Amino acid sequence: MNPYPHLFSPIRIGGLTARNRIESAPGSMGDLTPEGYLTRENVAAYEVKARGGAAIVTIGESNVHTKTGKAHGRMVPLDDDEVLPSLINTTDAIKRHGALASIELIHPGRRANPRYYDGPIYGPSAGMGPLGVPVTELDEEHIEEIVEAFGDAAEMAKLGGVDLCMVHAGHRWLLHQFLSPLNNQRTDRFGGSLENRGRFALLVLENIKKKCGADFPVEFRISGSELTPGGFDLDDMVAFAGMLDGKLDLLNVSDGTFHVPSTNTTMVPSMFLPHGCNAYLAAAIKKGVRHTRVAALGGIGDPAMMEELIATGQADLVALGRALIADPDLPRKAQGGRGDDITPCQRCIVCMSGSFVPYVKYATRVGVCTVNPTIGKESELFVSVPSDGRKRVLVAGGGPGGMQAAITAADRGHEVILCEKSPTLGGAIRYAEHVSFKQDLKKFRDVLVRRVARRAIDVRLNTEVTPELARELAPDALVVALGAEPVIPPIPGVDGPHVVLAVGMHEAAARIGHRVVVVGGGLVGCEEALELARKGHRVTVLEMRPDLAIDSAYLHREALLLELAKHPDEVTLLTRIRCDEITPQGVRGRDEAGQERFFEADSVLVAAGMKPLREQADALRSCAPDVLVLGDCRKPRRVLEAVRAGYDAGMHL
């Protein structure tokens with residue numbers, strides 16, 4: 001029986017039928033060729049989403065008119081017919097699994113980046129652009145040229161095999177800039193009233209329909225509100241949707257603008273926001289249209305929430321971005337009653353942060369996901385990685401890396417023994433059950449535990465892998481995933497009874513006082529400070545370096561600092577402070593000028609980082625013919641690196 005009958009019912013979109021109500025939101029690839037052509041790895045990345053059951057798979061940002069603007073170093077160039085071979089390969093791969101292929105069309109306007117584009121920066125009105133370069137107001141001749149470019153790009157995309165296209169008219173790209181009073185101060189027929197500000201978008205729609213045919217579906221991605229003083233609001237977008245109704249086939253409703261950091265973390269919802277936080281925008285817009293379909297988005301990952309949005313008429317479809325990065329098989333698992341095996345997106349935004357130019361200095365151009373170790377390696381999923389026979393594999397450590405190694409090795413047919421010295425699996429991420437904004441990490445831990453239980457893995461809890469035990473079990477391969485231990489800085493008084501290590505904070509919650517000083521303002525220290533503030537403590541964070549949480553992904557750091565700023569009475573953040581002594585009354589330190597300062601505290605939380613269990617790991621290196629050391633016992637890092645290392649170990653034994 002289908003547990004989600006509305007979510008998995010077909011729907012007509014223009015002249016096409018989508019097999020269900022799940023749309024894969026546009027996902028860009030940082031590792032395109034220098035020209036912007038799609039590689040074999042890119043093809044596989046889109047194909048796994050189609051194979052996983054999404055009804056529409058949308059290829060990410062494509063540039064429509066390089067002559068007048070380019071935002072990134074590598075965007076699919078739909079004004080270059082040399083892109084066609086790789087585009088056809090991609091759409092063929094999507095459609096062979098029964099999904100519809102789409103592509104996102106973009107013109108950057110004011111967001112054109114001089115690093116990648118040496119022409120004038122164009123926008124609806126003159127002024128200073130977001131990258132500090134003057135903007136030239138578009139005259140009507142150039143507007144007409146860009147309108148034609150959108151139509152030509154859609155025509156090229158159709159020739160390349162796409163079934164429909166998405167025009168980006170949100171997030172402060174060019175069409176959004178014309179809609180926004182913040183950027184559009186024109187007094188001609190493209191400025192002033194909402195009807196005039198929306199004229200450019202309507203001309204683009206008409207041009208695409210003219211060139212691609214009335215039965216070629218067109219989707220607009222819009223910001224349902226700019227969430228910014230002086231910008232357009234939801235009422236404006238309801239009215240704009242009414243202008244498009246019956247002419248446009250699908251509206252994809254997001255929010256915000258890249259130019260206002262406080263809206264970045266609702267546009268790309270962080271873990272501090274509720275799931276489905278933007279769905280209210282789609283629901284309001286859906287009430288204002290009769291013919292155009294509406295897709296809701298905004299950190300949606302639970303099939304039950306998707307079902308409710310469709311069943312209650314708040315949306316016609318749901319658009320999933322990071323949820324399908326975390327688990328491309330989400331639709332297939334949900335429809336098949338395997339919802340408890342869906343890998344939950346953490347909304348840590350690490351997938352986007354690495355290539356989030358121009359806000360990060362260097363673009364990594366490599367796809368990663370904290371909980372999906374196959375991201376960036378999707379081509380491996382379509383080939384059989386050979387094994388040189390069934391092996392006896394011993395995994396030492398039941399954290400995320402160890403569990404993933406055991407799961408992958410078992411799936412490849414090896415005999416696996418997983419030993420964990422504590423009474424439960426989970427390792428370092430067990431703390432997540434105590435943190436209000438880490439519940440998705442707890443769900444991920446639970447998913448890994450269930451996956452271990454459902455496989456023929458010999459799990460031995462309360463069992464430490466010593467050299468003696470390893471030799472007794474005589475494995476062919478030994479995966480060492482022992483974890484790490486906290487760094488205890490050589491500060492006088494650090495062993496005091498009121499000092500708590502961050503790694504054990506939640507077990508020691510009962511003895512943490514009202515006033516807390518956190519020694520260490522990295523990611524862990526800042527996140528724990530936020531959790532303490534939410535529970536009513538007054539917290540002071542002391543960091544030696546000039547910046548806070550610099551070890552976190554860019555967009556998560558931005559969201560975390562914004563969240564901390566919401567607690568000005570509870571949290572004080574101080575940088576360039578060296579801690580000299582911990583006393584029963586607090587912490588004594590010095591600022592960068594050398595002036596002594598004292599910070600009163602009932603409790604002191606030490607978050608000075610982690611160090612690998614290197615000696616314990618080294619003791620096991622001679623205990624099997626093949627020994628792999630991974631995760632924190634090699635080098636303390638993130639869950640992302642632990643899970644990927646575990647997957648790699650299991651795949652290549």
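Modeller: Asn252 lies in strand E12, which spans residues 250-254; helices (H or I, at least four residues) and strands (E, at least two) are DSSP runs numbered from the N terminus. The model is predicted, so local features need pLDDT of at least 70 and side-chain atom pairs count only at pLDDT 80 or more, while totals for chains, interfaces and linings use all residues. Residues are numbered from 1 along each chain as its sequence is written, and side-chain values use heavy atoms, with hydrogens and water left out.

Asn252 has a relative accessible area of 0% and is therefore buried (under 20%; exposed is over 50% and partly exposed lies in between, with a 1.4 Å probe and protein chains only). Its side chain makes a polar contact of 2.9 Å with the side chain of Arg221. Such a contact is a pair of N or O atoms within 3.5 Å; within protein, one must be able to donate a hydrogen and the other to accept it, and residues adjacent in sequence count only if both atoms are side-chain atoms. Leaving aside residues up to four places away in sequence, Asn252 touches (heavy atoms within 4.5 Å) residues including Glu23, Met166, Glu219, Phe220 and Ala319.

Elsewhere, five strands form an open sheet, ordered E17-E16-E15-E18-E29, with parallel pairing (two strands pair if DSSP finds at least two bridges between them). E17 and E29 (626-629) stand at the edges with a single partner strand each, so one side of each has no neighbour in the sheet. From one strand to the next, the twist averages 15 degrees. Axes are lines fitted to C-alpha atoms, for helices over the stretch in contact, and angles run from 0 to 180 degrees between N-to-C directions. Helix H14 packs on the sheet, touching E15, E16, E17 and E18, and its direction makes about 165 degrees with that of E16.

Within the sheet, E15 (residues 392-396) and E18 (residues 477-480) are joined in the parallel sense over four bridges, and Ala396 stands opposite Val480 in E18. Leu394 also belongs to E15, and Leu394 counts as buried because its relative accessibility is 1%. Beyond four places away in sequence, Leu394 touches residues among them Ile417, Cys419, Val465, Leu478 and Val479. The C-alpha atoms of Leu394 and Ala406, twelve residues apart along the chain, are separated by 8.4 Å.
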